[in-house]
Amino acid sequence: MTQANASGKVRRGAGLLALICFLVLAGLGIRHVVHQPYFDIHHIEVTGDTSFTNVGALEKTLWEKLNGNYFFADLDPMRAAVEEVPWVASAKVERLWPDTIRVEIEKRRPIAIWGGTRLISDRGEIFALKNLDTPEAQGLPSFSGPDAMAHEVVEMYGPLSVTVEKLGAKIRDLSVTDRGSWSVVIEGGDIPSTKIELGRNTRDSRVQDRLELVAAHYQEVSRMMGGPPGSIDARYVNAFAATLPRERPKTDAQPSAPGTAAGSAKPAAAAGPGPAGADRAGTTRKGPSV
């Protein structure tokens, strides 16, 4: 190795060492700067729908979760603290230069009371409150079923509600069993509280189609029976059975005992073309589709 080559290697080594020292010192300098007090967080801003909570108490919780300055604050614990609030669907936490943390809240929108004790949102999220005596819970319908089917119940509610509204009524109760058998209770206008058994979805008949059939012939059946049906069994293919009204006007030709709804315990009418073999009483030899 010549003296010139050796000298060149020494200079390159010295230059590399100097660069490393410079980067280390620069890193230490930057770290020192970003930890200065003027990068501390001085404001926490909560936005979105906060009508459900005490904003002051929520901000206090966020300050307690804050650890670090603008550059080093861990935002995940703050987000988790907000999303633990039952009414919160999600929370977005971000930094705003130079000294602010902003928390944007998306509130859950309840559409029903689930199982009598909790609420369910339009996303199918079940959540519990200390009590249901809140303005948001008043007047909501009731849903029930296995928790695992919550999303399916919400999805079913939409099209069924549209069908019931054609009758000038609303769904007051929507239920599904663990075997997938559906039923609704409708009420509104001239329609008293009426339970409709809808059964399960099958290849031959969907739950929505059975309710559509009921809606299409409801007024006709009511006129034929002399009043709104007491209950409806739509677990048939292209047919449904209805019980007599709970209270029917007395006539000389049709007496009834006081306090008794004559014939209310048996099917009294059916509508729709029905399958082959449907009899006049509204039953069908194929039997319910449950």
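The chain holds five helices and 13 strands (DSSP runs numbered from the N terminus: H or I of at least four residues for helices, E of at least two for strands). Of its 290 residues, 38% count as buried (under 20% relative accessible area, with exposed over 50% and partly exposed in between; 1.4 Å probe, protein chains only). Contacts (heavy atoms within 4.5 Å) between residues 24 or more positions apart make up 48% of those with a separation of 6 or more.

This is a predicted model, where local features need pLDDT of at least 70, side-chain atom pairs count only at pLDDT 80 or more, and totals for chains, interfaces and linings use all residues. Residues are numbered from 1 along each chain as its sequence is written, and side-chain values use heavy atoms, leaving out hydrogens and water.

**Helices α2 and α3**
- The axes of α2 (residues 55-65) and α3 (residues 76-83) come within 9 Å and cross at roughly 150 degrees (lines fitted to C-alpha atoms, for helices over the stretch in contact; angles run from 0 to 180 degrees between N-to-C directions).
- That makes α2 roughly antiparallel to α3 (over 145 degrees; under 35 is roughly parallel, 65 to 115 roughly perpendicular, the rest oblique).
- Their crossing is right-handed (the near helix is turned clockwise from the far one by less than a right angle).
- L58, T61, L62 and K65 of α2 make the contact with P77, M78, A81 and V82 of α3.
- These residues divide into six nonpolar, one polar and one charged (Ala, Val, Leu, Ile, Met, Phe, Trp, Tyr, Cys and Pro are nonpolar; Asp, Glu, Lys and Arg charged; the others, Gly among them, polar).

**Buried side of α3**
- M78, A81 and V82 are the buried residues of α3.
- They cover an arc of only 95 degrees around the axis, which puts them on the same side of α3 (the arc is that of directions from the helix axis to the C-beta atoms).
- They pack against β1 (43-48), α2, β2 (88-96) and β3 (100-107).

**V55 in α2**
- V55 lies in helix α2 and is partly exposed, with a relative accessible area of 26%.
- V55 touches V46 and T50, not counting residues up to four places away in sequence.
- The C-alpha atoms of V55 and E45 are 9.9 Å apart.

**Helices α4 and α5**
- The axes of α4 (residues 150-165) and α5 (residues 207-225) come within 9 Å and cross at roughly 10 degrees.
- The two helices are therefore roughly parallel, and their crossing is right-handed.
- M156, P159, L160, T163 and V164 in α4 meet V207, Q208, L211, E212 and A215 in α5.
- This contact has seven nonpolar residues, two polar and one charged.
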